Amino acid sequence: QWLAMTGGDDRARRHLAALAQHPQARAVLLGRIAGLQDPELYEPLGSLWDVMGENRKGLAVMRLVAKHPNTDSETLAKLAGGPNVQAIITELAANPRTPLPVLERWFDSTDYLVEWGLALNPKTPQRVMERLAGSQNLYTRLNLAYNKATPREILDRLANDKDEIVV
């Protein structure tokens, strides 16, 4: 029912957000949410009251879908080809289920949102991680340090980073 009632209805968006962030949400449901054409679903959520559960930052519904570990690669590829991709590009680049051909389009990008996502993705190739380790963006390097798949030699280099927060 909520899938059909968006259109500016904040309650519907909050319900969709609750579904999209549920740890047991299935790929089929996430795919149906991703298929909705409402641009409002790319807008951050906000409320004066604590009604958003774990979504304390008020992430947009589509950002929640793009970052969900159960979202399948087909859905992620469709989102990556959509008109609002820039609003969810960090989550798409960070999701290990995003198909390699989609990620490859961003391997040389210097857009900080793309860099942040690629730096977090455990499937980012080492050659891309090498480039990201030299990024001017502090948060790109910090995200790379958080990535459990970052090779030891890159972590050793980051341990000597000029910004103490990365170390």
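**Entry 1: α7 and α8**

At roughly what angle do the axes of helix α7 and helix α8 cross? I began with this pair, keeping in mind that the model is predicted. I found that the axes of α7, which covers residues 112–120, and α8, which covers residues 126–133, come within 10 Å and cross at roughly 125°. Angles from 65 to 115 degrees count as roughly perpendicular and those over 145 as roughly antiparallel, and α7 and α8 are therefore oblique to each other. I also noted the hand of the crossing of α7 and α8, which is left-handed.

I then looked up the residues that make this contact, and found E115, L118 and A119 on the α7 side, with V128, R131 and L132 on the α8 side. Sorted by class, the contact of α7 with α8 has four nonpolar and two charged residues, and no polar ones.

**Entry 2: α1 and α2**

Next I turned to helix α1, residues 10–21, and helix α2, residues 27–34, whose axes come within 10 Å and cross at roughly 145°. The crossing of α1 and α2 is left-handed. Which residues make the contact here? I listed L16, L19 and A20 from α1, and L29, L30 and I33 from α2. By class, the contact of α1 with α2 has six nonpolar residues, with no polar and no charged residues among them.

**Entry 3: the chain as a whole**

The chain has 167 residues, of which 44% count as buried. I also looked up how far along the sequence the contacts reach: among those between residues at least 6 apart in sequence, 52% join residues at least 24 apart.

**Entry 4: L45**

Is L45 buried or exposed? I first located L45 in the loop between α2 and α3, the latter covering residues 61–67. Its relative accessibility is 8%, and because buried means under 20%, L45 counts as buried. I then compared positions in sequence and in space, and found that L45 and R14 are 31 residues apart in sequence, while their C-alpha atoms are 7.4 Å apart.

**Entry 5: P151**

I found P151 in the loop between α9, residues 138–146, and α10. At 15% relative accessibility, P151 counts as buried. Leaving aside neighbours within four places in sequence, I noted that P151 is in contact with Q126 and M129. I also looked up the pair P151 and E130, which are 21 residues apart in sequence and 9.3 Å apart in space, taken from C-alpha to C-alpha.

**Entry 6: D161**

My last entry concerns D161, which lies in the segment after α10, a helix covering residues 152–158. D161 has 14% relative accessibility and therefore counts as buried. Which side chain is joined to that of D161 by a polar contact of 2.6 Å? I found that this partner is R141. The side chain of D161 also reaches the backbone nitrogen of D163, at 2.8 Å.

Methods
Residues are numbered from 1 along each chain as its sequence is written. This is a predicted model: local features need pLDDT of at least 70, side-chain atom pairs count only at pLDDT 80 or more; totals for chains, interfaces and linings use all residues. Side-chain values use heavy atoms; hydrogens and water are left out. Axes are lines fitted to C-alpha atoms, for helices over the stretch in contact, and angles run from 0 to 180 degrees between N-to-C directions. Helices (H or I, at least four residues) and strands (E, at least two) are DSSP runs, numbered from the N terminus. Angles under 35 degrees count as roughly parallel, over 145 as roughly antiparallel, 65 to 115 as roughly perpendicular and the rest as oblique. A crossing is left-handed if the near helix is turned anticlockwise from the far one by less than a right angle, and right-handed if clockwise. Contact means heavy atoms within 4.5 Å. Ala, Val, Leu, Ile, Met, Phe, Trp, Tyr, Cys and Pro count as nonpolar, Asp, Glu, Lys and Arg as charged, and the others, Gly among them, as polar. Buried means under 20% relative accessible area, exposed over 50%, partly exposed in between (1.4 Å probe, protein chains only). A polar contact is a pair of N or O atoms within 3.5 Å; within protein, one must be able to donate a hydrogen and the other to accept it, and residues adjacent in sequence count only if both atoms are side-chain atoms.
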